[in-house]
Structure formats: structure tokens, C-alpha cells
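Here is a short report on one protein chain. Look over the sequence and the model first.

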Amino acid sequence: MRDFNLDLLRYNHHVPTQEFIDSLFSHAFLPLISNPTCLTSYSAALIDNIFTNSLEHNVISGIFLNDLSDHLPVFAYFDDATLTRSTERKSRTRTFNDSIIN
């Protein structure tokens, strides 16, 4: 996905932001970040985000606090145990040979 530069905190006041979010929702994508990620001395905006449509996995997401930039880094961690169980379920095979068929 490309950089969209829309302040998601302005959803109720900015039509292009509403259209963007509504389009994501219509495709079952949800934002994982809900707090401002771009901070200055006079403003706060939510323009850095991670979207997912994989809600069957446990996800931990958040914002790293640092002062290297006015944009705060965001992260998402998808629980490996859940991913492993899902992968195992999808990769099961069944062996066929003469002994099993008899």
C-alpha cells in the first residue's frame, strides 16, 4: 500500500478521509493504530498506520515513543502460535499407498 497522508483523526470532518476509511472498511480492513503518530508543538495527526484484515490472529500493535522525528514509528506483532496453528491446519496431507487402501 502506498502513503496516503490523510489524518484519520479527521474522519468526521474531512470527506476524502471518510471515503478512504469507508473503502478500507468495505474490504474488511481495520486500522491497528488509533492514537496520533505525527506530533508537533501545535498539532497531532494520525497519518501513520497499519491495516489488517486478518482478525483470526492475536495482534499486538502500538506506537514507539521517540524524539528522532515528528513521525512516531508504528508496529504490529502477529502471534506466532496462532499463525503456526493456522499454517499446520492448512498444510495437512494424507498419504495414500496400497497398505492404507487395503
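## Basis

This is a predicted model, in which local features need pLDDT of at least 70, side-chain atom pairs count only at pLDDT 80 or more, and totals for chains, interfaces and linings use all residues. Residues are numbered from 1 along each chain as its sequence is written, and side-chain values use heavy atoms, leaving out hydrogens and water.

## Fold

The protein chain has 3 helices and 6 strands. These are DSSP runs numbered from the N terminus: helices are H or I with at least four residues, strands are E with at least two. Their order along the sequence is α-β-β-β-β-β-β-α-α.

Contacts (heavy atoms within 4.5 Å) can be sorted by sequence distance. Among those between residues at least 6 apart, 47% join residues at least 24 apart. Of the 102 residues, 24% are buried. Buried means under 20% relative accessible area, exposed over 50%, and partly exposed in between, with a 1.4 Å probe and protein chains only. The accessible surface of the chain is about 7,800 Å². Carbon and sulfur atoms account for 53% of that surface. Areas come from the Shrake-Rupley method with a 1.4 Å probe; for residues, only the protein chains shown count as cover.

In soluble globular proteins, nonpolar side chains tend to be buried together. Here the largest nonpolar core holds 9 residues: Phe4, Leu6, Leu8, Phe20, Ile21, Leu24, Ile33, Leu46 and Phe51. Helix H1 gives the most, with 3 residues. A nonpolar core is a set of buried Ala, Val, Leu, Ile, Met, Phe, Trp, Tyr and Cys residues joined through side-chain atoms within 4.5 Å.

Leu6 is one of the core residues. Leaving aside residues up to four places away in sequence, Leu6 touches His14, Pro16, Thr17, Phe20, Leu46 and Ile47.

## Aromatic pairs

The whole structure has 2 aromatic pairs. Rings of Phe, Tyr and Trp (its six-membered ring) pair if their centres lie within 6.5 Å; planes under 30 degrees apart count as stacked, over 60 as edge-to-face and the rest as tilted. Phe20 and Phe51 are edge-to-face, at 6.1 Å centre to centre with 80° between the planes. This pair links distant parts of the chain: Phe20 sits in helix H1 and Phe51 in strand E4 (residues 51-52), 31 residues apart. Phe20 is buried at 18% relative accessible area, and Phe51 is buried at 15%.

The rings of Phe64 and Phe75 have centres 4.7 Å apart and planes at 35°, so this pair is tilted. Phe64 lies in the loop between strand E5 (59-63) and strand E6 (74-78), and Phe75 lies in strand E6, so the pair ties together parts 11 residues apart in sequence. Phe64 is partly exposed at 46%. Phe75 is partly exposed at 26%.

## Surface patch

Phe25, Leu30 and Leu55 form a nonpolar surface patch with about 270 Å² of accessible area together. Patches are made of residues with over 30% relative accessible area and no salt bridge; like charges are joined within 9 Å, nonpolar side chains (Val, Leu, Ile, Met, Phe, Trp, Tyr) within 5 Å. A salt bridge is a side-chain nitrogen of Lys or Arg within 4 Å of a carboxyl oxygen of Asp or Glu. Phe25 belongs to helix H1 (residues 15-26). Phe25 is partly exposed, at 40% relative accessibility.

## Loop residues

Asp48 is in the loop between strand E3 (44-45) and E4. Beyond four places in sequence, Asp48 touches Ile33, Thr37, Cys38, His71, Leu72 and Val74.

Ala28 is in the loop between H1 and strand E1 (30-31). Phi of Ala28 is near 65°, a positive value in a residue other than glycine. Ala28 is partly exposed at 47%.
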